[in-house]
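Visitor: Please put the entry on screen. I have a few things to go through.

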Amino acid sequence: MVKTAILGGGLTGITLARLLTENGHDVVVLEREPKIGGLCRSLVDDGFTFDIGGSHIIFSRDSEVLDFMRAVLSDNKDMRSRNTKILYKNGYIGYPFENHLYQLPRDDLFFCIHEFIKTQIALEKGDLEPPANFCEWIHHTFGRGIAECYMVPYNEKIWNCPTEAMSHHWVDGRIPRPPVEDILRSAIGIETDGYTHQAEFTYPVTGGIESLVNAIASPVEDCIRTNFEVSSVRREEGEGNFVIRSSGGEVAEAERCISTIPLQALLSYLEDVPQGVQEACDALCYNSLCCVFIGLEGEVPDYSWLYVPQKDLGEFNRISFPSNYSTAVAPPGHSSILAEITYNEGDHISGMSDEAVIGSVVERLERIGIIKDPSQIVYTGIEWQRFAYVVYDLGYPGNISLVREFCADQAVSLVGRFSQFEYLNMDGCIRSAIDFSRTFQSTTPP
Ligand SMILES: Cc1cc2nc3c(=O)[nH]c(=O)nc-3n(C[C@H](O)[C@H](O)[C@H](O)COP(=O)(O)OP(=O)(O)OC[C@H]3O[C@@H](n4cnc5c(N)ncnc54)[C@H](O)[C@@H]3O)c2cc1C
């Protein structure tokens, strides 16, 4: 029997395994899929490499975490300058939108500035109530112009949810609040950067983002059991050991259990879940993601990625160009495109066949001029991920605390994006794993 079982071998589970092992703990990682990585897996096919959970880059404000990610990659990394744009009414606007207002058509520029100034005056006079939801937060921060031209349509596309139905507690630090001077500079064409911690990013030279997880896993490969789909987690009578069974009939026993798998899955494996907790868990919202991969002969535009807020320009909210992150992810003379579409079970995207989604993405990319000639296409592929984005709806705070309390009562620790059920990027997951392992070390002898 091992001391600690870690459910799930995505970035969080693998990082935890490494950190706990370094501290002398005995761990096993139980991963459902034939390979580790979760959302950070990459597909290598026909000379192309695509990140199957959407385009990933390595960046962080957290210098300890950033140093860790860069150090484990050793020589297998490259730095790039972010070159991102927003597709806007048949043209391109620099990103972030509010830092490039001068590039807007003049009527839209006036609308954005006028509404921004009106909002600032209303705020100064104390005429605005504190925002009650994400939509109001956007309006109070940027004004109705920027909200209607970009912020609301883009966010409603990526979250697949009306912004009025979303909470705003998570946005500070994620969506930068522009200083008034920056908005004015941006309106008259003085360059301001915005979102500078992402201005330069790191990406593996070979293997896609999965090579980050593989590099973290390399000292702990012996602790990882793949093809182990957890199907029940039971605690023996009297607060005893955990008995964890897989759908294939295997059993793992452990003194402690850390879950990095989605809460919705975990709760279905635990016993005697009270109805109120189950209902709270069922009410937690998330988005699924469909990624379309395209390999092309010849070049793509020199962008890192493009945001696409308008629905009529395509179902995708973002198009990225992996071959601009590393030339080794496409064969010589070729380039690549990755389109991301968020969806939910039961909506029209979820009902489409692979061929129909790929066909529609290709047709839109041709229409907006990203693919010049369909005969350039030498590769297409598609992947669907059920758990991609946590969506903070208005019921989130109450629901998540009920579920977390129940898991704490069951002595199952929660670490990671869908286990904590928080909008954590890779750096946030690694930070959670570091913090957890430090607390664990001080409370639990190896
Ligand atoms: C479109 C998109 C783009 C992103 N881009 C970036 C980016 O550029 N930079 C960045 O820092 N972050 C990015 N992220 C976030 C990043 O992907 C996540 O923070 C990270 O991958 C989460 O890791 P995790 O281990 O917590 O969860 P997951 O990756 O979801 O891992 C959970 C693991 O549990 C396993 N599992 C599930 N059920 C079971 C079961 N029953 N039994 C056993 N195992 C099970 C799964 O197979 C999986 O391996 C992006 C995310 C998305 C969706």
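Visitor: Which hand is the crossing where α3 passes α4, right-handed or left-handed?

Guide: α3 passes α4 in a right-handed crossing. A crossing is right-handed if the near helix is turned clockwise from the far one by less than a right angle, and left-handed if anticlockwise. Helices (H or I, at least four residues) and strands (E, at least two) are DSSP runs, numbered from the N terminus. Before going on: this is a predicted model, in which local features need pLDDT of at least 70 and side-chain atom pairs count only at pLDDT 80 or more, while totals for chains, interfaces and linings use all residues. Residues are numbered from 1 along each chain as its sequence is written.

Visitor: At what angle do α3 and α4 pack?

Guide: About 155 degrees, with the axes 6 Å apart; α3 covers residues 106-124 and α4 covers residues 134-159. That makes α3 roughly antiparallel to α4. Axes are lines fitted to C-alpha atoms, for helices over the stretch in contact, and angles run from 0 to 180 degrees between N-to-C directions. Angles over 145 degrees count as roughly antiparallel, under 35 as roughly parallel, 65 to 115 as roughly perpendicular, and the rest as oblique.

Visitor: Which residues of α3 and α4 meet?

Guide: From α3 there are D108, F111, C112, H114, E115, F116, K118, T119 and L123, and they meet H140, F142, G143, R144, G145, I146 and C149 of α4. Contact here is C-beta atoms, placed from the backbone, within 7 Å. By class, the contact of α3 with α4 has seven nonpolar, five polar and four charged residues. Ala, Val, Leu, Ile, Met, Phe, Trp, Tyr, Cys and Pro count as nonpolar, Asp, Glu, Lys and Arg as charged, and the others, Gly among them, as polar.

Visitor: Next pair. How do α2 and α6 pack?

Guide: α2 (residues 63-73) and α6 (residues 210-217) pack at about 85 degrees, with their axes 9 Å apart. That makes α2 roughly perpendicular to α6. The contact uses M69, V72 and L73 of α2 and L212, A215 and I216 of α6. By class it has six nonpolar, no polar and no charged residues.

Visitor: And α1 with α6, at what angle do their axes cross?

Guide: Roughly 20 degrees, and the axes of α1 (residues 11-22) and α6 come within 9 Å. The two helices are therefore roughly parallel to each other. α1 passes α6 in a left-handed crossing. L11, I14, T15 and R18 of α1 make the contact with V213, I216 and A217 of α6. The class count for α1 with α6 is five nonpolar, one polar and one charged.

Visitor: Switching to the backbone. Which residues does the cis peptide bond join?

Guide: Y95 and P96, with omega about 0 degrees. P96 is in the loop between β7 (91-94) and α3.

Visitor: What is the phi of N160?

Guide: Near 55 degrees, a positive value in a residue other than glycine. N160 lies in the loop between α4 and α5 (180-188). F421 also has phi near 55 degrees, again positive in a non-glycine residue, and F421 is in helix α11 (residues 417-421).

Visitor: Is N160 buried or exposed?

Guide: N160 counts as buried because it has 20 C-beta neighbours inside 10 Å. The cut-offs are 20 or more other C-beta atoms within 10 Å for buried, 12 or fewer for exposed, and partly exposed in between, with C-beta atoms placed from the backbone. F421 has 24 such neighbours, so F421 is buried.

Visitor: What about G276, buried or exposed?

Guide: G276 is exposed, with 12 other C-beta atoms within 10 Å. It is in helix α8 (residues 275-283).

Visitor: Where does C407 lie?

Guide: In helix α10 (residues 396-409). C407 is buried, with 22 C-beta neighbours inside 10 Å. Leaving aside its neighbours within four places in sequence, C407 is in contact with V412 and L414.

Visitor: Last, the whole chain. How many helices and strands?

Guide: 12 helices and 18 strands. Buried residues make up 46% of the 446 residues.

Terms used
Two residues are in contact if their C-beta atoms, placed from the backbone, lie within 7 Å.
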